Amino acid sequence: MEDWLIKTAWPMTPPLPFSAFHICFSLFGLSAAFTLAWLCRRLPQAYRVRLLFFLGILLALSECYKQMFLYYIVNGRKYDWWYFPFQLCSIPMYLCLILPFAAKFGRKWERLLCTFMYCYNLPGSILVFAAPYGMMHPYWILTIHSFMWHILLVFIGLLIAFSGMGSVSWKGFTGSTGLFLACCGIATAVNILAGPYGYPDMFYITPYYP
């Protein structure tokens, strides 16, 4: 496993914000996400749910690769809790994976998950391209992974917005806010429990930093 990861550890000088790499990759990726989301908006509901589930699998597989790369290549077989996959931009991976099962308990649960990804993940995934400091890495694979991850989040949010899978009502927003607060609670628990073992900062609300 480690030998295979070494073969993909292509070093790079981290690109600067608003460099040609940043601007070109962002414009192309966001344009592609918008176009594909617009084209997919009229797919049947069941197909859209399956598409989001497939994207959840894709995100999960890429996250597993990232975690192994960080563990073996970047950190020398030591786990870095800073990269534990429970930041706000990680949540769509989990929600897409449980979306088909949530629908079995009622349409409202499916709409709740979609509304969360529309209200909270879409704006954040767009704005991160304006301040991409955390996406630039000294390895090509990590930098491209970070850009592609957030482009996929934009696609997911736009697909939900264009197809009406989420709710634009006040009730829908308050429901998604409740889910957000629950995630904040989990993030805080991770920050506290893992605090003695590293530098976790899930949702950037750890009590160990001012």
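**Entry 1: terms and model**

I take axes to be lines fitted to C-alpha atoms, for helices over the stretch in contact, with angles running from 0 to 180 degrees between N-to-C directions. Helices (H or I, at least four residues) and strands (E, at least two) are DSSP runs, numbered from the N terminus. I keep in mind that this is a predicted model, in which local features need pLDDT of at least 70 and side-chain atom pairs count only at pLDDT 80 or more, while totals for chains, interfaces and linings use all residues. Residues are numbered from 1 along each chain as its sequence is written, and side-chain values use heavy atoms, with hydrogens and water left out.

**Entry 2: α5 and α7**

I looked up how α5 meets α7, and found that their axes come within 9 Å and cross at roughly 85°. α5 and α7 are therefore roughly perpendicular to each other (under 35 degrees counts as roughly parallel, over 145 as roughly antiparallel, 65 to 115 as roughly perpendicular and the rest as oblique). Their contact (heavy atoms within 4.5 Å) is made by residues including Leu112, Phe116 and Tyr120 of α5 and Phe173, Leu179 and Phe180 of α7. I sorted the residues of this contact by class and noted eight nonpolar, five polar and no charged (Ala, Val, Leu, Ile, Met, Phe, Trp, Tyr, Cys and Pro count as nonpolar, Asp, Glu, Lys and Arg as charged, and the others, Gly among them, as polar).

**Entry 3: α6 and its partners**

I turned next to α6 (residues 140-163) and α5 (residues 107-127), whose axes come within 8 Å and cross at roughly 135°, so that the two helices are oblique to each other. The crossing of α5 and α6 is left-handed (left-handed if the near helix is turned anticlockwise from the far one by less than a right angle, right-handed if clockwise). Among the residues that make the contact are Cys114, Met117 and Leu122 of α5, and His150, Leu153 and Ile160 of α6.

α2 passes α6 in a right-handed crossing. The contact includes Phe21, Phe25 and Trp38 of α2, together with Trp140, Phe147 and Phe162 of α6, and its residues divide into 19 nonpolar, four polar and no charged.

I also checked α6 by itself: 18 of its 24 residues are buried (buried means under 20% relative accessible area, exposed over 50%, partly exposed in between, with a 1.4 Å probe and protein chains only). Its 24 residues should span 34 Å at 1.5 Å a residue, and the end C-alpha atoms are 34 Å apart, which agrees; the expected span is 1.5 Å times one less than the number of residues. Glycine 164, with a positive phi near 75°, follows α6.

**Entry 4: single residues**

I found phenylalanine 18 in the loop between α1 (2-7) and α2, where its phi is near 65°, a positive value in a residue other than glycine. Phenylalanine 18 is exposed, with a relative accessible area of 52%.

Phenylalanine 203, in the segment after α7 (170-193), has a positive phi as well, near 60°, but counts as buried at 10% relative accessibility.

Lastly I looked up serine 90, placed in the loop between α3 (45-74) and α4 (91-102). Serine 90 is buried, with a relative accessible area of 7%, and touches Pro85 and Trp149, not counting residues up to four places away in sequence.
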